[in-house]
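Subject: Structure handover and notes

Hello,

Please find the structure below, followed by notes on what was found in it. Read them with the model open.

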Amino acid sequence: MSFFPYAVAAWLFVIGLYGIVTSRNFVHLVICLAVLQSSTYVLLLSIGYRVGGTAPVFAGVRVGTPAVDPVVQALMLTDIVVEATVVALLLALALQLHKRANTLDPDKLKALEG
Amino acid sequence: MLFLQFTILSFVAVTATAVVLTRDPAKQAIGISFYGLVMALMFFIFQAPDVALSQIVIGAVALPLMILLALTKIRRHEEEQRERKEKKAA
Amino acid sequence: MKRRGRMIFFLLSAAVFAGVYLWGLKGLPAVGHYRGPYGDVLNQVATYERHVTDIVTAVNFDYRGFDTLGEEFILFMSVVGGTVLLRRQREEEKSEHKDQALSDESPERQAPEPSDATRVLTLGLVGPLVVFGLYIVAHGQLTPGGGFQGGVILATAPLLVYLAGDLKKFKQITSHTLVEVAEAAGAGAYLAIGFAGLILGGAYLRNVAALGKTGMINSGGTIALINLATGLEVAAGFVLLLYAFLEQTLEIRLRGGK
């Protein structure tokens, strides 16, 4: 039971990867990549969690109160925002691809042309 | 582990599966927005308010908006292509 | 055939992943029983060492500041890459459709007029939203929030102007050169603060500014400064991206005209 969050993280990774592998549309693929990425959040979150711990914010809370790990939260926080811009870049690439190749299906792309 | 955490994690897993298995990207954009909100709730329950805050804004506004705009553009481009073909045929 | 091969490859990789993951899990603590020392040490000392109350922000912009600098530049590069790609596409299309090009003011360019209620509500919300975003940015080292979260909130303010149907104002706000300058200045300021630490303190990104009184808005030394720089960069970056994407649909209205 106490390993359930780790199982969820693994499931998110595998289902995201499944989506990417079977994708027939680059926009769908990008969204699956975002899901895959969220598996790392669940994993990090469960590693740093402590039962009964408060959030690592000591405004109005005495320093020394048991709290969860701030380091993993810092990792996730920046990554979520950066992820959004990376998704934007990938979508821009997909748009450019659709313009040049007239398809969004990875299977219909023959070879990369210059 | 508490009931609340168990529930939200199961919810995350189910929503993610639904998002991936939806094949239409336009529907997926709505799905990913909902998924973002569920994730934010999970961060909140796991004592990570900082992360929850960034997830709410990104998940609810930035991601779905950019995806929908990209899809509109793609659809328009497809229509144009079709029109051009019809012109050539005629 | 190709798809089947890919599927087999996926199943194989998933099996390998499951094995390695299970093996790795043996070394992890059960969920809820965090045992690593770093988080606990930081929770204990950060408030005394850096005069901040939000430890996550302290980790982001001080203890792990160099790593965040790297993240910032991933953000910077994806924003630049995304906007350049979208702009290039727009220009190519412009030259293709020279004959049908309409000016910005043509009636077909205008969105359907939003109702008065929508306009009043959205425009009325712009002010509070900007204030809220600034609040989240400025209090990053005290309460949950900071440059990353507040920056994105600030970037959604121009969207409200767009929703209110004021396209001209929206374009004026978001296509301003100042947005690009702000984006670069935010990224540059982070680097510069790091060098200030190198010159004055002997190590890159060392916290050399006055720490201030815990709980005050100017506490935390360079944490507060880097926080502001990040807020500026993230806000400007997202405005650039959203504008670049919205511009594509503005084009659609331009030529659609149905």
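Two residues are in contact if their C-beta atoms, placed from the backbone, lie within 7 Å. By that rule, the contact between chains C and B takes 19 residues from chain C and 16 residues from chain B.

Some conventions come before the rest. This is a predicted model, in which local features need pLDDT of at least 70 and side-chain atom pairs count only at pLDDT 80 or more, while totals for chains, interfaces and linings use all residues. Residues are numbered from 1 along each chain as its sequence is written, and chains are lettered from A and ligands numbered from 1 in the order in which they are written.

Chain C against chain B

On the side of chain C that touches chain B, the elements giving two or more residues are α6 and α10 of chain C. Of these, α10(C) gives the most, with seven residues. By class, this side of chain C has eleven nonpolar residues, seven polar and one charged. Here Ala, Val, Leu, Ile, Met, Phe, Trp, Tyr, Cys and Pro count as nonpolar, Asp, Glu, Lys and Arg as charged, and the others, Gly among them, as polar.

Chain C against chain A

In this interface, 43 residues of chain C are in contact with 41 residues of chain A. The elements of chain C that each supply at least two residues to the side touching chain A are α1 (2-25), α2 (37-50), α3, α4 (65-96), α6 (147-155) and α10 (222-256). The largest share, eleven residues, comes from α4(C). The residues on this side of chain C divide into 24 nonpolar, 15 polar and four charged.

One helix pair in this interface can be described in detail. Two packed helices are described by the angle between their axes and the distance between the axes. The axes of α3(A) and α3(C) come within 8 Å and cross at roughly 65 degrees; axes are lines fitted to C-alpha atoms, for helices over the stretch in contact, and angles run from 0 to 180 degrees between N-to-C directions. The two helices, α3(A) and α3(C), are therefore roughly perpendicular to each other. The cut-offs are under 35 degrees for roughly parallel, over 145 for roughly antiparallel, 65 to 115 for roughly perpendicular, and oblique for the rest. From α3(A) the contact uses Pro70(A), Val71(A), Gln73(A), Ala74(A), Leu77(A) and Thr78(A), and from α3(C) it uses Ile55(C), Val56(C), Val59(C) and Asn60(C). That contact has seven nonpolar, three polar and no charged residues.

Helix α3 (residues 55-63) of chain C is mostly covered, with nine of its nine residues buried. A residue is buried if 20 or more other C-beta atoms lie within 10 Å of its own, exposed if 12 or fewer, and partly exposed in between.

Chain A

Chain A has three helices and zero strands. Its radius of gyration is 19 Å, well over the 13 Å that the globule rule gives for 114 residues, so chain A is more spread out than a compact globule. The radius is taken over C-alpha atoms, and the rule is 2.2 Å times the number of residues to the power 0.38. The C-alpha trace of chain A spans about 60 × 30 × 15 Å along its principal axes. Of the 114 residues of chain A, 58% count as buried.

Val21(A) lies in helix α1 (residues 4-22) of chain A. Val21(A) is partly exposed, with 18 other C-beta atoms within 10 Å, and touches Arg6(C) and Phe10(C), not counting residues up to four places away in sequence.

Asn102(A) has a positive phi of about 60 degrees although it is not a glycine. Asn102(A) lies in the segment after α3 (70-101) of chain A and counts as exposed, with 11 C-beta neighbours inside 10 Å. Leu205(C), also not a glycine, has a positive phi of about 65 degrees. Leu205(C) is in the loop between α9 (177-201) and α10 of chain C and is buried, with 24 other C-beta atoms within 10 Å.

Regards

Note on methods
Helices (H or I, at least four residues) and strands (E, at least two) are DSSP runs, numbered from the N terminus.
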